[in-house]
Amino acid sequence: MNATSDRTVVRDTIIEALQARLGTEGMRLDGYDVSPAYLSIEECKRFPTYCVIVTDETLHGFSQQQRECEMTVLVICYVKHERDVRMVLDAAIEDVYDTMLLVQGNLPGIAWMLKLDEIKADEGATATKPHAQAVHRWTCSHGRAPR
């Protein structure tokens with residue numbers, strides 16, 4: 001296969017940014033894994049783990065040159081800590097947020113905007129300890145060639 005989809009390009013850009021920031025100054029957490037697929041907490045080999053998923057797409061307008069679309073980008077943060085899981089979750093949330101702001105300024109040519117829609121923590125998972133999770137939901141605007 002020699003063609004890469006817009007979804008894959010956006011996903012890989014985010015993954016590369018997270019990997020590039022691993023262990024750098026300014027990151028709140030020292031180590032983490034990044035996955036291009038949904039994982040359950042049980043499937044995570046290391047904590048935190050960030051799963052980067054580009055999913056739904058909505059068409060918003062079109063012209064003869066281009067169709068304007070929006071993709072949903074999810075970054076799921078899984079963390080584990082025996083004493084203060086919320087502190088670690090909050091740090092993971094901020095690290096991902098800061099990374100996404102960097103990605104926002106360096107989107108590949110196919111996309112022109114990345115906007116945060118929400119960050120939701122799963123308080124049920126947080127209450128059960130030692131695991132917690134949060135989901136960043138972003139919208140990525142991009143164009144498609146008309147057919």
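## Burial and surface

A residue is called buried here when its relative accessible area is under 20%. By that criterion, 41% of the 147 residues of the protein count as buried in this model, which is predicted. The accessible surface of the protein comes to about 8,300 Å², and carbon and sulfur atoms account for 48% of that surface.

## Overall architecture

The secondary structure of the protein consists of three helices and five strands, and these elements follow one another along the sequence in the pattern α-β-β-β-α-β-α-β.

## The pairing of H1 and H2

Helix H1, which covers residues 6-21, and helix H2, which covers residues 85-104, have axes that come within 10 Å of each other and cross at roughly 120 degrees. Because of this angle, H1 is described as oblique to H2, and the crossing of the two helices is right-handed.

On the side of H1, the contact is made by Thr13, Ile14, Ala17, Leu18 and Arg21, while H2 contributes Asp95, Val96, Asp98, Thr99, Met100, Leu102 and Val103. Sorted by class, the residues in this contact of H1 with H2 are seven nonpolar, two polar and three charged.

Key. Residues are numbered from 1 along each chain as its sequence is written. This is a predicted model: local features need pLDDT of at least 70, side-chain atom pairs count only at pLDDT 80 or more; totals for chains, interfaces and linings use all residues. Side-chain values use heavy atoms; hydrogens and water are left out. Axes are lines fitted to C-alpha atoms, for helices over the stretch in contact, and angles run from 0 to 180 degrees between N-to-C directions. Helices (H or I, at least four residues) and strands (E, at least two) are DSSP runs, numbered from the N terminus. Angles under 35 degrees count as roughly parallel, over 145 as roughly antiparallel, 65 to 115 as roughly perpendicular and the rest as oblique. A crossing is left-handed if the near helix is turned anticlockwise from the far one by less than a right angle, and right-handed if clockwise. Contact means heavy atoms within 4.5 Å. Ala, Val, Leu, Ile, Met, Phe, Trp, Tyr, Cys and Pro count as nonpolar, Asp, Glu, Lys and Arg as charged, and the others, Gly among them, as polar. Buried means under 20% relative accessible area, exposed over 50%, partly exposed in between (1.4 Å probe, protein chains only). Accessible areas come from the Shrake-Rupley method with a 1.4 Å probe; for residues, only the protein chains shown count as cover.
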